[in-house]
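Hello,

Here is the structure I promised to pass on. Please open it first, then read my notes below.

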Amino acid sequence: MIQHFNDTTLIYTVMNDPVFGKYGRFLFPMEEWYMRGETLGDLQLTWYNNIDSDKTVEVVNTLWNRASAGQTVFYDIYTEEEKARDPDKEDTGLFFFKGNLGEKFALCNAGGGFAYVGAMQDSFPHALELSKRGYNAFALIYRPGAQTGCEDLARAISFIFEHKEELEIDVQGYSLWGGSAGARMAAWLGSYGPVAFGGEDLPRPSAVIMQYTGHNEYTKNDPPTFACVGERDGIANWRTMERRLDAMSNLGIPTEFHHYPGLSHGFGLGSGTVAEGWLDEAVSFWEAQI
């Protein structure tokens with residue numbers, strides 16, 4: 001892989017690289033007041049901890065190399081007519097981290113307090129790692145807000161199903177991933193399905209993978225759910241998620257829960273922390289449900 005960017009590259013240089021075209025602006029928060037730092041190595045995001053600059057550099061280089069090779073790495077989920085009727089829908093789309101031909105897909109949803117989309121810590125790294133394991137992984141850029149976020153996620157799932165042949169993926173047994181606000185979105189879509197948020201009447205995911213949220217809502221029909229939270233999370237109390245998963249388990253829904261001592265909110269992949277390796281456990285959980 002060509003190392004086009006490094007940790008001293010300016011963030012705005014990446015966003016404005018001609019290889020990325022119009023979607024370069026989606027790589028980092030469009031609400032710039034939630035972002036600090038000028039270079040890839042300096043990047044900080046509000047409510048996030050343990051940001052791995054090496055992974056940030058790897059993500060943007062991976063996308064740049066694939067786009068330079070002619071691969072489609074970004075898809076609009078709304079038509080031009082829909083975006084004309086609702087200009088806010090201009091700020092949406094799917095980044096695609098392609099895995100093996102015909103493999104199943106995972107859809108990752110970043111958090112950001114429903115105020116912005118922290119994809120560079122909370123969905124791009126996850127999608128990249130899942131693609132390395134052969135899965136076809138997507139990262140959603142959605143309109144901040146609980147309702148609009150769920151509507152965009154429902155539309156994204158519908159888009160993926162509709163374009164499965166073009167994308168060369170298997171849509172059966174898919175999984176939804178999310179951190180913080182994105183975990184709530186994944187859970188709501190798991191509980192009620194895409195149709196409840198304006199999407200098509202499609203199967204629910206085979207597994208929902210959640211990180212650091214205090215979401216406590218569930219139904220008796222919820223998909224199998226994996227969750228992990230840090231014990232020093234000042235935003236999402238880990239015991240709230242523990243109670244939720246215990247209640248779901250009592251209904252016969254497969255669950256798995258991990259809580260990590262000393263770990264704060266927004267740890268992403270958890271590289272170099274007590275949570276390192278959680279993604280492999282989550283993948284194993286998903287695979288057991290397929």
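Let me start with a lining. In the largest pocket, seven charged residues, five nonpolar ones and four polar ones face the space. Please keep in mind that this is a predicted model.

The volume of that largest pocket is about 200 Å³. Its lining counts 16 residues, and the closest to the centre are Ile77, Tyr78, Arg155, Ser158 and Gly198.

The second largest pocket comes to about 150 Å³. Here 13 residues form the lining. Nearest the centre are Gly113, Ser180, Ala181, Ile235 and His265. What classes make up the lining of the second largest pocket? Six of the residues are nonpolar, six are polar and one is charged.

Now the sheet. Eight strands form an open sheet with mixed pairing. The order across it is β3-β4-β6-β5-β7-β8-β9-β10.

Have a look at β8, residues 207-211. Is this strand mostly covered or mostly open? It is mostly covered, with five of its five residues buried. Both faces of the strand share in this. Ala207, Ile209 and Gln211 point one way, Val208 and Met210 point the other way, and all are buried.

Which strands pair with β8? One is β7 (residues 170-179), which runs parallel to β8 and is joined to it by five bridges. The other is β9 (residues 225-230), also parallel, with four bridges to β8.

Met210 is a handy residue for finding your way here. It is the bridge partner of Gly178, and it stands opposite Ala227 in β9.

β5 (residues 104-109) and β6 (residues 136-141) run parallel, with five bridges between them. Within that pair, Ala106 has Ala137 of β6 as its bridge partner.

- the largest pocket, with Arg155 and Ser158 among the residues closest to its centre;
- the second largest pocket, with His265 among those nearest its centre;
- β8, with Met210 facing Gly178 as bridge partner and Ala227 in β9;

Best wishes

Notes:
Residues numbered from 1 in each chain as written. Predicted model: local features only at pLDDT ≥ 70, side-chain atom pairs only at ≥ 80, totals over all residues. Heavy atoms only, no water. 1 Å grid on protein atoms, 1.4 Å probe; cavity = no way out; pocket = protein on both sides within 12 Å on 5 of 7 lines; lining within 4 Å. Points joined across faces, edges and corners; volume = space filled by probe spheres on them. Nonpolar A, V, L, I, M, F, W, Y, C, P; charged D, E, K, R; others polar. Buried < 20%, exposed > 50% of the residue type's maximum accessible area, 1.4 Å probe, protein only. Helix = DSSP H or I, 4+ residues; strand = E, 2+ residues; numbered from the N terminus. Pairing = 2+ DSSP bridges.
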